[in-house]
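Got a model open and wondering where all those labels come from? Let's go through a few of them and see what backs each one up.

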Amino acid sequence: MNRIVSLLVAVLCVVCLASACTESDSPERSAEDSRDQESVVDAADSPEGSVEKNQDQEVLVDTGLLHTCAIDASAHLVCWGWNGYGQADAPSGRFRSVSAGDEHTCAIRASGEAVCWGAVAAMPDGERDSETHAVRTEVPPGRYQSVSAGGYHTCAVNETDEIVCWGDNRYGQIDAPSGRYRSVTAGRYHTCAVSEADTVVCWGANEDGQTDSPPGMFRSVSAGRAHSCALHQSGTVSCWGSNLAEDVENGHDIRTGQADPPTGKFQSVTAGESHTCALNDSGEAVCWGGYASDMRTPAGRYRQLSADGVHACAVDLSDQIVCWGANGRGQIIVPSSPYASVHLGGDRSCALSESGDVVCWGEDDWWYFDDENNVVPSHPPSTSYQVLSLGLYHGCGLTETNALECWGSNDAGETEVPPGRYVSLSVGPWHTCAVLDSGEIRCFGSNEDGRTAPPPGQYRLISVSGYFGCAIQETGSISCWGRNESGRTEAPEGRFMSISTGADHACAISDAGSVVCWGSNEHGKADPPAGRFQMVSAGRNHTCGLSDEGRVVCWGHDSQTNPPDGRYKFLAVRGPFSCAVSMSGDVVCWGFSDQGIKLPAALVMDG
């Protein structure tokens with residue numbers, strides 16, 4: 001989260017958007033220094049909409065609770081990760097800085113205007129949302145040097161060095177004290193700032209002492225969830241507030257130490273949810289607290305660092321963004337290349353880039369013990385695939401040489417691949433089926449209800465779900481097998497090009513391009529609209545199709561049938577949510593708010 005957001009010019013050009021400011025060779029700084037570095041794009045020389053790179057622009061990154069935003073080398077803004085409230089739907093234009101909050105995001109345009117979007121920005125004036133506690137107020141007019149998006153409130157430093165705050169004020173977190181300030185940082189329910197005299201002042205919620213700032217002279221301050229950290233003029237770090245994190249499994253708090261900084265000299269510091277990270281004098285990232293041991297901080301030298309939620313990101317000396325930590329919503333998947341397809345599993349999903357590289361997000365618990373009690377890795381063994389399919393706790397992929405590789409849980413033998421070359425693949429929750437290049441089907445794993453016993457024949461495409469499967473023969477006809485509740489294995493006659501099985505229904509595209517569905521019709525999920533389609537995908541209570549024009553059309557349960565506008569080239573539905581790949585290679589997911597994901601295709605890292 002951009003807990004500091006006021007960017008200060010440094011001799012070493014070390015920038016920190018996420019609750020840390022730039023270090024200078026001299027501890028003395030002026031308000032003009034602060035303004036100079038914030039204006040990394042000159043509004044007069046670089047009008048909104050320009051695509052030319054400003055030579056003074058540096059790549060910047062900022063982490064939110066479950067999403068991440070960056071300003072690329074062309075001064076354009078890109079966000080990725082959780083998008084359940086639109087917090088990753090970055091506006092167009094050129095920007096100076098960005099701050100990612102819990103469920104909203106704010107940025108400063110090249111003109112100095114502050115803009116916000118997401119959960120907070122979506123509320124009518126004065127209306128409180130019972131779930132997010134966000135109170136909507138318009139961004140106050142004016143020009144700003146910096147902005148910081150917190151949990152459900154936002155604060156900014158204006159042109160006269162005064163702090164302006166808006167949003168949720170249940171704990172007084174927007175009641176900024178008067179005076180002139182160098183920077184401001186918004187935490188979950190509290191706020192801190194560095195005054196013109198280089199002292200730290202905090203206000204808002206203080207149940208853990210997170211606003212009890214120590215005396216002294218400081219370069220920067222960063223407000224986390226319930227703790228705060230600041231960088232002394234001497235380069236040492238002080239932290240105060242909560243040192244605990246919730247232990248969900250045991251139902252009580254445990255000491256995690258996010259407010260216990262290590263000794264040494266640092267350039268910047270950034271406070272996350274229950275961890276803290278800093279850049280030391282050598283430019284190395286150092287993290288401590290609740291999730292630091294699991295985050296595997298990467299080696300290297302960095303010029304800017306941001307931590308929030310359970311992840312962190314940094315910009316290295318060559319302007320490349322590196323992210324690490326939890327990846328439940330794709331928040332550490334840095335945009336690098338256009339995507340070709342997206343594949344949904346039970347608690348984990350993956351996307352294939354146009355080069356065949358795999359990126360995955362979701363729960364990272366796809367593991368099992370082998371016969372020697374060794375933990376088997378949950379990640380794909382290869383880095384490049386042409387086809388991918390995911391189940392509940394395992395996945396499989398076809399390599400460029402048509403070899404079939406599987407990984408993850410093997411409780412029922414679902415990853416024990418028979419030898420051969422394969423041309424089609426589909427993974428169910430507890431079993432796997434694939435079509436050999438000879439046209440025969442091989443299934444392995446759980447055989448409950450005959451789900452791994454397809455009829456003999458010559459096939460070219462296959463799709464399986466929990467209790468049944470269907471495949472298209474070389475003649476174009478469909479054969480189904482397994483449990484036959486609601487008529488889901490009673491395939492229609494005709495010739496078909498593609499097929500998709502859902503929880504208890506199936507759909508296929510005929511040679512004429514129309515969609516035909518059978519099985520359960522609860523919520524109308526088996527009542528496809530008229531028209532020509534190039535792709536169809538069936539879920540639990542809804543179905544989506546990709547029209548010949550590239551438009552996504554969905555039918556079935558109302559809460560799951562609101563696809564985004566635009567043109568797309570790939571579509572996937574699993575359970576209650578859906579994903580699609582746009583013509584430009586972006587991944588967009590929708591359904592329940594906690595499943596909204598956005599993975600942009602690429603950043604402009606070098607102009």
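What follows is a run of questions and answers about this predicted model.

Q: Why is aspartate 161 called buried?
A: Its relative accessibility is 2%. You'll find it in the loop between β8 (153-158) and β9 (163-167).

Q: How do you know whether arginine 109 is buried or exposed?
A: Check the number: 16% relative accessibility. Buried means under 20%, so arginine 109 counts as buried. It belongs to strand β5 (residues 104-109).

Q: What makes the approach of arginine 109 to serine 92 a polar contact?
A: A polar atom of the arginine 109 side chain lies 2.9 Å from the backbone oxygen of serine 92. The cut-off for such a pair of N or O atoms is 3.5 Å, and 2.9 Å falls within it.

Q: Why is leucine 404 called buried?
A: Leucine 404, in strand β31 (residues 404-408), has a relative accessible area of 9%. That is under 20%, so the word buried applies. Its C-alpha is 8.5 Å from that of alanine 434, which is 30 residues away along the chain.

Q: What makes arginine 180 and glutamate 196 a salt bridge?
A: Their closest N and O atoms are 3.0 Å apart, and the limit is 4 Å, so the pair qualifies. Arginine 180 is in the loop between β9 and β10 (181-186) and glutamate 196 in the loop between β11 and β12, so the bridge ties together parts 16 residues apart in sequence.

Q: Why is arginine 180 called partly exposed?
A: At 38% relative accessibility, arginine 180 falls between the 20% and 50% limits. Glutamate 196 is partly exposed as well, with a relative accessible area of 38%.

Q: How do you know that arginine 532 and aspartate 548 form a salt bridge?
A: The N to O distance is 2.9 Å, which is within 4 Å. Arginine 532 lies in the loop between β40 and β41 (533-538), and aspartate 548 in the loop between β42 (542-547) and β43 (552-556), so this pair ties together parts that are 16 residues apart in sequence. Aspartate 548, at 36% relative accessibility, counts as partly exposed.

Q: How many salt bridges does the structure hold?
A: There are 23. Some share partners, joining Glu448, Asp449, Arg451, Arg483, Glu485 and Arg488 into one network.

Q: Which residues make up the patch of negative charge on the surface?
A: Glu207, Asp208, Glu246 and Asp253 gather there. Asp and Glu count as negative, and patch members need over 30% relative accessible area. Aspartate 208 has 34%, so it passes, and it counts as partly exposed. Aspartate 208 lies in the loop between β12 (200-204) and β13 (218-223).

How values were computed
Residues numbered from 1 in each chain as written. Predicted model: local features only at pLDDT ≥ 70, side-chain atom pairs only at ≥ 80, totals over all residues. Heavy atoms only, no water. Patch = residues over 30% accessible without salt bridge, like charges linked within 9 Å, V, L, I, M, F, W, Y side chains within 5 Å. Areas by Shrake-Rupley, 256 points an atom, 1.4 Å probe, with all protein chains shown as cover. Salt bridge = Lys/Arg side-chain N within 4 Å of Asp/Glu carboxyl O. Charge placed at Lys NZ, Arg CZ, Asp CG, Glu CD. Helix = DSSP H or I, 4+ residues; strand = E, 2+ residues; numbered from the N terminus. Buried < 20%, exposed > 50% of the residue type's maximum accessible area, 1.4 Å probe, protein only. Polar contact = N/O pair within 3.5 Å; in protein donor to acceptor, adjacent residues only side chain to side chain.
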